[in-house]
Amino acid sequence: MIPASFEYVVAHSLEETVGLLAKHGSDAKILSGGMSLIPAMKLRLAQPVFIVDVNGVSGLEYIREEHGELRIGAMTREAALERSSLVKHGYPILFETAKVIADPLVRNRATIGGNLAHADPANDHPATMLALGATVVAHGPHGDRLIPIDEFFPSFFASALEPDEVLTEIRIPAPSVRSGGAYIKFERKVGDYAIAAVAVNVTLDDHDTCIAARIGLTNVTDVPARATSAEASLVGHRITEQAIADASRLAAHESDPKSDLRGSAEYKRDLVRVLAGRAIGRAVSRARGGSH
Amino acid sequence: MTQTIPMTAAAIGGMGHSMKRKEDPRFLQGKGNYVEDVNLPGMLWMDIVRSPYAHAKIVSIDASKALAIPGVLAVITGKDLEAYNLHWMPTLMSDTQMVLPVDKVMYQAQEVAAVIATDRYIAADGAAAVDVEYEELPVVVDPFKALLPDAPVLRTDKPGKTDNHIFHWEVGDAAVTDKAFAEADVVVKQDIYIPRIHVASIETCGCVASFEKTEGKLTVWMTTQAPHAIRTVFALVAGHVGLSEEKIRIISPDIGGGFGGKVPVYPGYVIAVAATVLIGKPVKWIEDRMENLQADSFARDYHTTAELAATKDGKLTALRFKTLADHGYADAAANPSKFPAGLYHICTGSYDLQAAHVEVDGAYTNKPPGGVAYRCSFRVTEAVHTIERMVDIMAHQIGMDPAALRMKNFIEKEQFPYKSVLGWEYDSGDYHAALQKAMDIIGYDDLRREQLEKRARGEYMGIGISSFTEIVGAGPSKDFDILGIKMFDSAEIRVHPTGKAIARFGTKSQGQGHETTYAQIVAQELGIPMAHVQVEEGDTDTAPYGLGTYASRSTPTSGAAAAMAARKIRDKARKIAAYLMEVAEEDLEWEPGKFTVKGNPEAFKTIQEIAFAAYTNHPQGMEAGLEATHYYDPPNLTYPFGSYICVVDIDAGTGQVHVRRFVAVDDCGNIINPMIVDGQIHGGLSMGLAPALYEEISYDEAGNCLGGSFIDYLVPTAVETPNWETDKTITPSPHHPFGAKGVGESATVGAPPAIANAVVDALWHLGVRHIDIPMTPSKVWKVLRDHGVTGS
Amino acid sequence: MSMKTVNFTINGEAKSVQAESRQLLVHCIRETLGLTGTHVGCETSHCGACTIHLDGEPVKSCTMFAVQAEGKSLTTVEGLAIGGTLNPVQEGFWEEHGLQCGFCTPGMMMTATALLRTVNEPTETEIREAISGNLCRCTGYVNIVKAIQYAQRKMHATPAPEAVLQGGD
């Protein structure tokens, strides 16, 4: 399979990137890891006229804690997240997300920014970022703009990025005391998109009462989405087995999967229930200081 | 010139030793020579325009935009080929299939036109620019519906054809079988579907076709498991346009996996040949993965209603299978010509059944043609899966342990050679020993105890057995031919003056390690170290004629031929040795590598000394040289067998089947290279796991291919694949020259029912009787929920 | 068609090639440079037959454009053996029968070589996960795992005599 012809330019700065995007409009496509874009181009499902390669923009690959946040440069490769001891020990949900994306070779190229900017509900980071309440930094002609993750996926396969904006950073609030997260993905085999996956982040008070909960769903909604009634059912309660079961059922109810080769809608909805239950259990265990 | 050469079998790399492979250094360094690596000066590229519809009339093909692209040299359509009467070609099953269509397409992804260009990128642009106008026709997807009276007739090209029925074939005594069923205490009946799958070798198919106009010689490097047969087919099909067999050279270079998928002649090969002949420049065609999965020959697709009868104490008495085979729009199965359902009538399996009746009907549908093996002998996997599932169902039905039921019904060791009720003569076997060994290794009784405990806790654990009998090594010329060419195979050995040898064969390795194992056979038979035996295959200009490598036939046929040719050489060597030592031939005795005078161990001539003499000092009146050719016509097939036991745990929440352990005990008779045999078993097991749990190609109502890329065609990775545990028993074949049987496919045949039986075993107490493969999480989840299980 | 000049090193050699923007890196390697050890098995980034090292990391060269290799250091299977001496991974694949048809083997070995460079003593599970982006149809993976374990032992043992290239025995 051979891509159609296009014009290629390497951008060396954010300003240059934004300028090229402004100039070429919807004809242009940003190439970061390329792990979604290039296969789509080979199948000629995507035929961009102009490719802006942002791999030449330096300073976009980093993972650091500052200002009470985990800040991740948009060009950070999934493999770097997997290898980061900060991520592994401080943000196990993010570690769990990165290590189940595609396969290890793809993860050496794929970037966290690309995974989010593609706005594919089948991608893994959106659900996790929704659970973590992340903020996305977009750079445009007028500088940086902060976009709460809850507003980042406005419609089917579309992000809140303007055509002349580029995603530069993801900011995740540092975990509060007694909080924990988990991402559980169920796939047909390594390299597949999720049949379903659930990301959960919970915070408990000293009496084990849940004071905050966010649940993100993968590949069971038209746009990456939270299971808000499931979240609500947890907040203000001690998280018992019954509470987990109730929240899981609500999450399943909130999902809206489509039947395909991965399984029937009925199956996927039940899978959301099962995975939500497991992910909530694991997140709570982490919040209580149990094993990660 | 003589040197001391150690003569033990181990030192020369003879039979039974795990010699490192001779072919590996080139593969390890990226120096393999696969078809895509072949580049010729002035070579052009071909890309193919394919149909988006499963059944449609071609209204028009407009190539003008494609031809306007600089570098696009030609667009070839069915009409172009029709001018040479090359738009249709015969299949191996005496049916016909299109090379390129003139009026209608019969399946999604069918070839519609070919673009020839100066490079592959331009060829792809050209293919995208060809405008084809279609008019959709009603699509027939379901083979059962295809046979209904009101179904649209697909093969309107066949004069007088009024339905979609291809063939009816039956074997066994229906009346005797009916009587046995009527008298049986217990009868179990089950519909079993074995879905369409694809071999998906990691190298796709392709060729480089090069026609030298001045000499009129066609050379084709192609991904073929059977180069000689291909040469003859090309000569027969294209003789009328001037291709003559002595001017056709097929070269099968290194092959990146075959598994049966590289036996057929695909339209792409023929179009590339037509293109090089028309244009006079070499043309390369390499299909991509989606073309490979969507258009190349499929395997399986058998719908069977199976019945098994037994006495109440578990003596199996009769079997009845009625099968509908979905062949797609043409019967292009790669079977021996007399066997429309292959060797499916091996379906009485490892059991001493006294009555059986099998019927198979073939149907046309709007799907790609095929019926290749997927790493098994012709339709044996379908047979074994069905009988092994039925035996398990029977065991559970009458409350007998599946191992005990098998032990009770196995053909006894003393019954071999055993004539099956459906006509096969099993050469040798010891089925009880293999199953017992597998049970001992896995700890069968402990597992059954664990299963009971788990069941009491609401956990789902299953143990599945498969005790299969394979039938490989086609085959004896009285029954086996392909388009009339008998299924012998060949070896030609030439021993050089310095005692080194070259050996050439009619087969073609695709990873099986022939360069090593054939050298080991020659080493064993002649005492020439295997390091000194150069093995070559795949070039029809140099290798002796043979039918190729598939259906586990290389060792049973060409391997046997190697031994027979070596023995002819040894006979001549004896004469030379007698002459050199001035003794009578009868006074000499052979041990690997030398002839010694009886009673005088100091008086001997090595094979190297004899070889030198064959060219320098041979007896007057004797032909010089030391070489022989043998075309081996096997007296019978070989019947490798084995017993596999699989343990699975099922996640009731997700429906996922986890293979916890898998023990495989195989018996392929005497072994040439244990390391390679283990490797063949490992690979076969993985290609048994794949269809059992992951792989399937299906079609929607409109005939759209589902599973036509590696996104949805789920070839297992190292993570999904368990750590196979293998062991062996050895029961030599009595008729093979060195007692070997084929082995490359045993595990593919034996593994799926072991896994399927384990899954059903885990769920039987819920009322589950059968699940069709692949047992995907969504399918298993549905079964669990339908039986009242809600997981968490 | 706009051609670009792309400069990179491959197997230690500096190269300057002309590439159309859309040319896939694997085609540049195979066709422009004639290094045909790197293979193509799919177009959806699933099979890993095209795996090479890009600045030391294993990546799928069918899912990169050649122009992206500008200024990079590439290694292909042809660069694994040095002076006719197999590297420990190649040796392991030979010793443990880690290959059959050989088509996936170059990619598999590139992944394995990179793994052993970054992880000293990978467990069997880690090895299986590391090669899960490389499909093999012939071997059932058991002997590939063993081959990588062989290489691991070899790399972390005292320097042993190198395997010398000779066929068979």
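A: In this predicted model, a network of salt bridges links Arg64(A), Glu66(A), Glu69(A), Arg71(A), Glu169(A) and Arg171(A). Side chains of opposite charge can pair when their charged atoms come close. Over all chains, the structure holds 89 salt bridges.

Lys338(B) and Asp481(B) form a salt bridge through their side chains, at 3.8 Å from N to O. Asp481(B) has 9% relative accessibility, so Asp481(B) counts as buried.

Another salt bridge is made by the side chains of Lys478(B) and Asp479(B), at 3.4 Å from N to O. Lys478(B) counts as exposed because its relative accessibility is 60%. Asp479(B), at 30% relative accessibility, counts as partly exposed.

A further pair lies within a helix. The side chains of Glu183(B) and Lys179(B) meet in a salt bridge of 3.1 Å, N to O. Both residues are part of helix α7 (residues 174–183) of chain B. They are four residues apart, which is about one turn of the helix. Glu183(B) and Lys179(B) are both exposed.

Now to the packing of helices. Two packed helices are described by the angle between their axes and the distance between the axes. In chain B, helix α12 (residues 402–409) packs against helix α13 (residues 431–442) at an angle of about 160 degrees. The axes of these two helices are 10 Å apart. Angles over 145 degrees count as roughly antiparallel, so α12(B) and α13(B) are roughly antiparallel to each other. The crossing of α12(B) past α13(B) is left-handed.

The contact can be followed residue by residue. From α12(B) come Ala403(B), Arg406(B) and Met407(B). They meet His432(B), Leu435(B), Gln436(B) and Met439(B) of α13(B). Among the residues of this contact, four are nonpolar, two are polar and one is charged.

Definitions and conventions:
Residues are numbered from 1 along each chain as its sequence is written. Chains are lettered from A and ligands numbered from 1 in the order in which they are written. This is a predicted model: local features need pLDDT of at least 70, side-chain atom pairs count only at pLDDT 80 or more; totals for chains, interfaces and linings use all residues. Side-chain values use heavy atoms; hydrogens and water are left out. Axes are lines fitted to C-alpha atoms, for helices over the stretch in contact, and angles run from 0 to 180 degrees between N-to-C directions. Angles under 35 degrees count as roughly parallel, over 145 as roughly antiparallel, 65 to 115 as roughly perpendicular and the rest as oblique. A crossing is left-handed if the near helix is turned anticlockwise from the far one by less than a right angle, and right-handed if clockwise. Contact means heavy atoms within 4.5 Å. Ala, Val, Leu, Ile, Met, Phe, Trp, Tyr, Cys and Pro count as nonpolar, Asp, Glu, Lys and Arg as charged, and the others, Gly among them, as polar. A salt bridge is a side-chain nitrogen of Lys or Arg within 4 Å of a carboxyl oxygen of Asp or Glu. Buried means under 20% relative accessible area, exposed over 50%, partly exposed in between (1.4 Å probe, protein chains only).
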